[in-house]
Amino acid sequence: MEQLTIRGLAVSHQRVAGADRVVLVHGTMDRASSLRKVVRRLPDLDCTVYDRRGYGGSIDAGTADTITAHVDDLLAVVGDVPAVVFGHSLGGVVALAAAARRPDVVPAVVAYEAPLSWVSWWPRSSAGSRAVHDHGDDPGGAAEAFMRRMIGDELWQRLPARTRAARRAEGPALLAEMAALRTAAAPFRPDDVHVPVVVARGTESAAHHRRGAEELAAVLPDAVLVDLDGAGHGAHLTHPGAVADLIHRAVPRPAITRLAPS
């Protein structure tokens, strides 16, 4: 893949001349590399992935304190040529906010378990919330706590020391985006998202992620809800073929209308 730098962000581009464009956005405490399994299943599409600000190859780009700043980054990566955007977890929030602002360059969205952290019922015991609560003054500790929650203590301990240090260094990005999500106002108004949206969730995902996907699909003007059988929150890692299929069904744009609600 071609390596680029845009706004200080590390960007990888699978260039396919004349093909439809897709930009894939990763979630919290993740990196573009985790989406490579999906990209490999999209050989017919022009795909772009990037490390969001404060993660991986974009660690030196600083952090983004608002979802608006993340949207600015995404739209810079998209540029002037329209691209369907797939967003995993927080990446789905960024994708939807970008579509609300620039439907001309984000003509469709696939949002996988985008967190609705600003609603009153969203649990304060999620991995991100608990990490912030227990380690809000220690970014490295918050990042480690998040990772231990997500992958388990045993796997964390087996990671090379250099890898553990690199993940702890992403703690400031984690704290910044958790604060950005915990605002009183939603980062986008559903009525402002005038593009087709595929809202997806895993059948094995936590109850709050499943409920969030269902409520999001219900309030967006043009959305369908799709369940990925056997998948959890990390579907891009465990079920990359199914995630690639979601994207294929969203490209070209008219294909979205053929999806039936689950």
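How many bridges join strand β2 to strand β4? Four bridges link β2 (residues 9–14) and β4 (residues 46–50), and the two strands run antiparallel.

## Basis

This is a predicted model, in which local features need pLDDT of at least 70 and side-chain atom pairs count only at pLDDT 80 or more, while totals for chains, interfaces and linings use all residues. Residues are numbered from 1 along each chain as its sequence is written, and side-chain values use heavy atoms, with hydrogens and water left out.

## The sheet

An open sheet of mixed pairing is formed by eight strands, in the order β1-β2-β4-β3-β5-β6-β7-β8. On average, neighbouring strands are turned by 20 degrees against each other, direction ignored.

Strands (E, at least two residues) and helices (H or I, at least four) are DSSP runs numbered from the N terminus; two strands pair if DSSP finds at least two bridges between them. Within β4, Y50 is the bridge partner of V11.

## Helices on the sheet

Helix α2 (residues 67–78) packs on the sheet and touches β1, β2, β3 (21–25), β4 and β5 (84–88). The direction of α2 makes about 150 degrees with that of β3. Helix α9 (residues 207–219) also packs on the sheet, touching β7 (197–202) and β8, at about 160 degrees to the direction of β7.

Axes are lines fitted to C-alpha atoms, for helices over the stretch in contact, with angles from 0 to 180 degrees between N-to-C directions. Contact means heavy atoms within 4.5 Å.

## H233

H233 sits in the loop between β8 and α10 (235–238). H233 counts as buried because its relative accessibility is 18%; buried means under 20% relative accessible area, exposed over 50%, and partly exposed in between (1.4 Å probe, protein chains only). Leaving aside neighbours within four places in sequence, H233 is in contact with H88, S89, Y112, E113, S205 and H209.
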